[in-house]
Amino acid sequence: MVDSPQVKKEVTIESIISAAELAANQISEHSTEINNQRQLTETIAAPMARAGLFRLLVPKSVGGHEIDYLDMLKIVGIIARSDGSAGWCLNQNNVLATLAAFMPKELAIDIWSDERAVLSNGPPIGSFASPVRGGYTLNGRWNFSSGSQHATWVVALTPVTGRKGPEGKSEEMRNMILPRDQVDMIDVWEVNGLRGTGSFSFSVKDLFVPEERTFIDGEPPREDGPLYVMPKTLMFSSGFATTALGVARSGLDSVIDLAVAKTPQEQELLMKQPYTQRELGQAEAVWRSANAYLSESAEDAWESAVNDGDIPVKKRINLRLSSTHAIREAVRVTDMAYSITGSSAIFEGTPIQRKSQDVRVISQQIQGRMSHYDTAGRYFLGLDPESRLF
């Protein structure tokens, strides 16, 4: 039996935000290294873990901070403005860590008793688990495992052969919690944007997984608290939208700095040109509008989670829609910033170059799909939204 973690001095949200700001400064200094090595290097990941930045949403009962959802989004924005890959991983690893509220408490304590604990996962491809005495034999592959290179555990969501889920309509799905060194990492992450997420694939063959390191997916949380009634799909989407807006914001800010100093060939200072002024004004309006809609819908959803212990469909739809819209508008803002920059934008040393690549990769993920507009449109027309992604 694993002992419960010792009670530690209460950590304030102010101290956590200060730690995030310090981490953001360090990340900015190592951003090129993160990109080149395609991972959050140990120089970055270890201090973030020691500061508790990967356990923001883990229950306090098992050694986490269990901060408010809105504070979590604020911290994601702080990190994303320093580096898109770092912001992505921070959101991905933290939302995934809410599984601590759903898994057996002994398992959660075992994982988060380690200060360096970080989870990673990915959607299953041809995976299956066969029940055996004391556990399961696991086979399969999981792709897009963001943060895989700095993670200490991986989560392998897997159908169990011969078992039906709680409602008896489909196969039982179980989360298998595996030490990272027990899986084979597959390097498929040859990309131009979000390179630092290290979103490798992983696979296992005939791996025995003890029963106590598994739990059924989709069951009610073991822990109370509004965080754990928030749908993980919406926490992922709003966090990644915040990441996209953070990338766009830093890209736009870099262009403002450039415009103050750059004089295009045979022209006056870039900041004095009407085109620059108009594009910048429009970009600011687009960014602020998307950010305001996302903030408003996040606040509405959180208010219902806190006060009612549930989030009505309308508020879920709004959070999904505002998240998708923020991601798409972040691309638009970054494109405008890229255009203002002129020929300087094509060089790797110009910040907007990588910002443009990062935000486009975010828009290609499931959270940025245009089909989410369809889901919202169906709802507003009084039709069945036909989606589980809200």
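In this short talk I will go through the core, the salt bridges, a charged surface patch and a few backbone details of the structure shown above.

Let me begin with the conventions, since this is a predicted model in which local features need pLDDT of at least 70 and side-chain atom pairs count only at pLDDT 80 or more, while totals for chains, interfaces and linings use all residues. Residues are numbered from 1 along each chain as its sequence is written, and side-chain values use heavy atoms, with hydrogens and water left out.

I will start with the core. By a nonpolar core I mean a set of buried Ala, Val, Leu, Ile, Met, Phe, Trp, Tyr and Cys residues joined through side-chain atoms within 4.5 Å, where buried stands for under 20% relative accessible area, exposed for over 50%, and partly exposed for what lies in between, with a 1.4 Å probe and protein chains only. The largest such core has 77 residues, and those with the most contacts inside it are Met 48 and Tyr 69. Two or more residues are given to this core by each of α1 (13-29), α3 (42-50), α4 (69-82), α5 (84-96), α7 (232-261), α8, α9 (313-341) and α10 (351-364), and the largest share, 12 residues, comes from α7. The element names follow DSSP runs numbered from the N terminus, with helices (H or I) of at least four residues and strands (E) of at least two.

Now the salt bridges, each of which is a side-chain nitrogen of Lys or Arg within 4 Å of a carboxyl oxygen of Asp or Glu. By this rule the count comes to 14 salt bridges. Which residue forms a salt bridge with Arg 354? The partner is Asp 83, and the closest N and O atoms are 3.0 Å apart. This pair links distant parts of the chain, with Asp 83 in the loop between α4 and α5 and Arg 354 in helix α10, 271 residues apart. Both Asp 83 and Arg 354 are buried.

A second salt bridge joins the side chains of Glu 284 and Arg 288, at 2.9 Å from N to O. Here both residues lie in helix α8, four residues apart, about one turn of the helix. Glu 284 counts as buried because its relative accessibility is 15%, whereas Arg 288 is exposed, with a relative accessible area of 53%.

Arg 360 is partly exposed at 37% relative accessible area, and Asp 335 is partly exposed at 32%. There is also a network of salt bridges that links Arg 163, Glu 172, Arg 174 and Glu 211.

Let me turn to the surface. Glu 296, Glu 299, Asp 300, Glu 303 and Asp 308 gather there in a patch of negative charge, a patch being made of residues with over 30% relative accessible area and no salt bridge, with like charges joined within 9 Å and nonpolar side chains (Val, Leu, Ile, Met, Phe, Trp, Tyr) within 5 Å. Of these residues, Glu 296 lies in helix α8 (residues 274-308) and is partly exposed, with a relative accessible area of 48%. Asp 300 is 15 residues from Lys 315 in sequence and 6.7 Å from Lys 315 in space, C-alpha to C-alpha. Lys 315 lies in helix α9 and is partly exposed at 23%.

Another pair is Asn 291 and Ala 330, which are 39 residues apart in sequence and 9.4 Å apart in space, C-alpha to C-alpha. Asn 291 is in helix α8.

Finally, the backbone. Most residues other than glycine have a negative phi. Which phi value does Glu 66 have? The value is near 50°, positive in a residue other than glycine. Glu 66 is found in the loop between α3 and α4, and is partly exposed at 24% relative accessible area. Phe 144 has a positive phi of about 50° too, although it is not a glycine. Phe 144 sits in strand β3 (residues 135-145) and counts as partly exposed at 47%.

Key: Accessible areas come from the Shrake-Rupley method with a 1.4 Å probe; for residues, only the protein chains shown count as cover. Lys and Arg count as positive and Asp and Glu as negative; His and the chain ends are not counted. The place of a charge is taken as NZ of Lys, CZ of Arg, CG of Asp or CD of Glu.
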